[in-house]
Amino acid sequence: MSRAFHLYRKGVNVVMFSLAGLCAFTTVSVLFYILGFLVWKGAGAINWDFFTQLPKPVGEAGGGMANAIVGSFKLVVLATAIGVPVGFVTGVYLAEFGGRRYPALIRYIADLLNGVPSIVIGIFAYALVVVPMRRFSTLAGGLALSLMIIPVTIRTTEQFLRAVPDSLREAALALGASKWRMVATVVIPASLHAVLTGTLLGVARVAGETAPLLFTSFNNRFWSTGWDQPTASLPVMIFTYAIAPYEDWHRQAWAAGLVLLMAMLALNVTAHRILSMKMARRSGR
Amino acid sequence: MIIRANTKIEGGAGLPPPPEAMMASRPTGLAPKVEVSRLNFFYGAQQALFDVSLKIPDRRVTALIGPSGCGKSTFLRTLNRMYEAVRHARAEGELLLDGENILDMDVVQLRRRVGMVFQKSNPFPKSIFDNVAYGLRVNHRMGKGELADAVEKSLRRAALWEEVKDVLHGPAWALSGGQQQRLCIARALAVNPEVLLLDEPCSALDPIATAKIEDLLFTLKDNCTIVIVTHNMQQAARVAEYTGFFLLGKLVEFDQTEVIFTRPSVKETEDYITGRFG
């Protein structure tokens, strides 16, 4: 091998290695940059009032986002309660019961639904719920978010159910279990932890969605009672406060961003904890 | 036979001696448990079994041998219709279990009567107890005490009770490979099948674990008709009273094991047994 060629190869190696390293560094540093920025700008505005007080009227300093925190929580709970069961059952159908043609079609449609811009989902929920009810509501916002959870849950469920080895299905069938019994007592329990983890990640994802909420749950400067009233939510609060002209609101928007990010990180960590608990159980207690 | 003698000392406590002595006194004209005539089997357009006919004797061990891809596992899977999970697989012909047509029976009923143990041990990711109890819970309504008794009985029949009685509620995956396979046998036995199908149950096990399972087959055949597919010809010779030799989807020869191994009537059987082709 000629010396020049050797040098050339070495050069290419160095360039590619640095490039890959740079990309990896960019990815990782972005998260820390965001986190650091949020802490720097928002940590100062986080105090007891932030979690317990309603927003103060314009011009008055202080106040908090208690209603937005509760609102976000209610929205996510509602979206999960609607989206996860529907997505889960569909995923089970796709993985275990579908023939060949319909599952392919449903899978394709689920992927399309996953690709629908979130603002369009918002318009859809607006037309479906807000217009007939003649008001913005938690219900409409939760429905919009649930439409975003469904395709994620379908895919996660199907993927992890398929990962269950066929030998377990055969064992159950050979013992005289009917198909649905086999699915319910062997396949689903064997994959439940993984499905739960994937679903939690999906839930964490929609918890930060803003666009579908802008004209469904709208916003509210007061407590939202029940499910048929407009409600504040952290993402929409951030949007509103960030574009407002008041210095104090900007600080609170940063704080809300920090709280939202922390909540999502907590969900993520919980999800991975559940998964590793499963691993620990497999390797003996 | 030397291996068998070893395991007796090693851990086969409480097992009765292999009933070779009893065999001699049994009548040879046995009633068939399963009667197969002119069975043809297809995977789509591809035919896997050609006109297979044989009578599997009641409460005996029948071994099926033959090179890979000869159709012996496919044949085994027609007996409890496990092939039905495969798309476009279909069986034609007559398969009778105690005179009832297997192909017309309710498949759940059939599988309660014809149990199966697979090549790779496949315990559920549940506790040892729940594994054995699975078939019972699926098939019967049982009280707690009754269930516990049935689980113990099955584990004893599978010669596993002494090894697992203290960890019944521990995970089945913590057991060794041989123990897992005996657990799968116990699981299949729990529903009291009339026929037990074993698809190369020892292919992943060491000789000691293999010998334990072979010992087990001897004790089980008093209550159960056993059909075992094996790649190991010594195993067929050790455990089975009857042996069938499959080649290219056809049953070449079926007779008493002794006859197959000492004076086969077909040239291919002799060639295979003496290792002259492969």
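From the N terminus on, the elements of chain A run α-α-α-α-α-α-α-α-α-α-α. The secondary structure of chain A comprises 11 helices and 0 strands. Helices (H or I, at least four residues) and strands (E, at least two) are DSSP runs, numbered from the N terminus. The model is predicted: local features need pLDDT of at least 70, side-chain atom pairs count only at pLDDT 80 or more, and totals for chains, interfaces and linings use all residues. Residues are numbered from 1 along each chain as its sequence is written, while chains are lettered from A and ligands numbered from 1 in the order in which they are written.

Chain A has a radius of gyration of 24 Å, well over the 19 Å that the globule rule gives for 285 residues, so chain A is more spread out than a compact globule. The radius is taken over C-alpha atoms, and the globule rule is 2.2 Å times the number of residues to the power 0.38. Along the principal axes, the C-alpha atoms of chain A fill a box of roughly 70 × 70 × 40 Å. Of the 285 residues in chain A, 39% are buried. A residue is buried if 20 or more other C-beta atoms lie within 10 Å of its own, exposed if 12 or fewer, and partly exposed in between, with C-beta atoms placed from the backbone. Among contacts in chain A with a separation of 6 or more, 74% link residues 24 or more positions apart. Two residues are in contact if their C-beta atoms, placed from the backbone, lie within 7 Å.

The domain assignment divides chain A into domain 1 (3-45) and domain 2 (49-282). Such bounds come from an automatic or database domain assignment. The C-alpha centres of the two domains of chain A lie 32 Å apart. Domain 1 and domain 2 of chain A each give 8 residues to the contact. On the side of domain 1 that touches domain 2 in chain A, 5 residues are nonpolar, 2 polar and 1 charged. Here Ala, Val, Leu, Ile, Met, Phe, Trp, Tyr, Cys and Pro count as nonpolar, Asp, Glu, Lys and Arg as charged, and the others, Gly among them, as polar.

The contact between the chains involves 21 residues of chain B and 15 residues of chain A. On chain B, α4 (107-113), β6 (114-117) and α5 (128-139) each supply at least two residues of the side that touches chain A. The largest share, 4 residues, comes from α5(B). By class, this side of chain B has 12 nonpolar, 5 polar and 4 charged residues. In chain A, the buried residues of helix α7 (166-174) are A:R169, A:A171, A:A172, A:L173 and A:A174. These buried residues of α7(A) pack against α8 (179-207) of chain A together with α4 and β6 of chain B. Just after α7(A), A:G176 takes a positive phi of about 90°.

Strand β6(B) has buried residues pointing both ways: B:V114 and B:M116 point one way, B:G115 and B:V117 the other. Strands β6(B) and β7 (195-199) of chain B run parallel and are joined by 4 bridges. Two strands pair if DSSP finds at least two bridges between them. Opposite B:G115 stands B:L196 in β7(B).

Elsewhere in chain B, 4 strands form an open antiparallel sheet in the order β2-β1-β4-β5. Its edge strands, β2 (46-57) and β5 (100-101) of chain B, each pair on one side only. Strand β4 (89-97) of chain B is joined to β5(B) by 2 bridges. B:L97 has B:E100 as its bridge partner in β5(B).

The loop between β7 and α9 of chain B holds B:E200. B:E200 has a positive phi, near 45°. B:E200 is buried, because 20 other C-beta atoms lie within 10 Å. Most residues other than glycine have a negative phi. In α9(B), the buried residues include B:T210, B:I213 and B:L217. The 14 residues of α9(B) (207-220) should span 20 Å at 1.5 Å a residue, and the end C-alpha atoms are 20 Å apart, which agrees. The expected span is 1.5 Å times one less than the number of residues.

B:L248 lies in the loop between β9 and β10 of chain B. Its phi is near 50°, again positive. B:L248 is partly exposed, with 14 other C-beta atoms within 10 Å. B:G249 is in the loop between β9 (242-247) and β10 (250-256) of chain B. B:G249 is buried, with 21 other C-beta atoms within 10 Å. Beyond its neighbours within four places in sequence, B:G249 contacts B:Q47, B:A48, B:L49, B:F50, B:C70 and B:G71.
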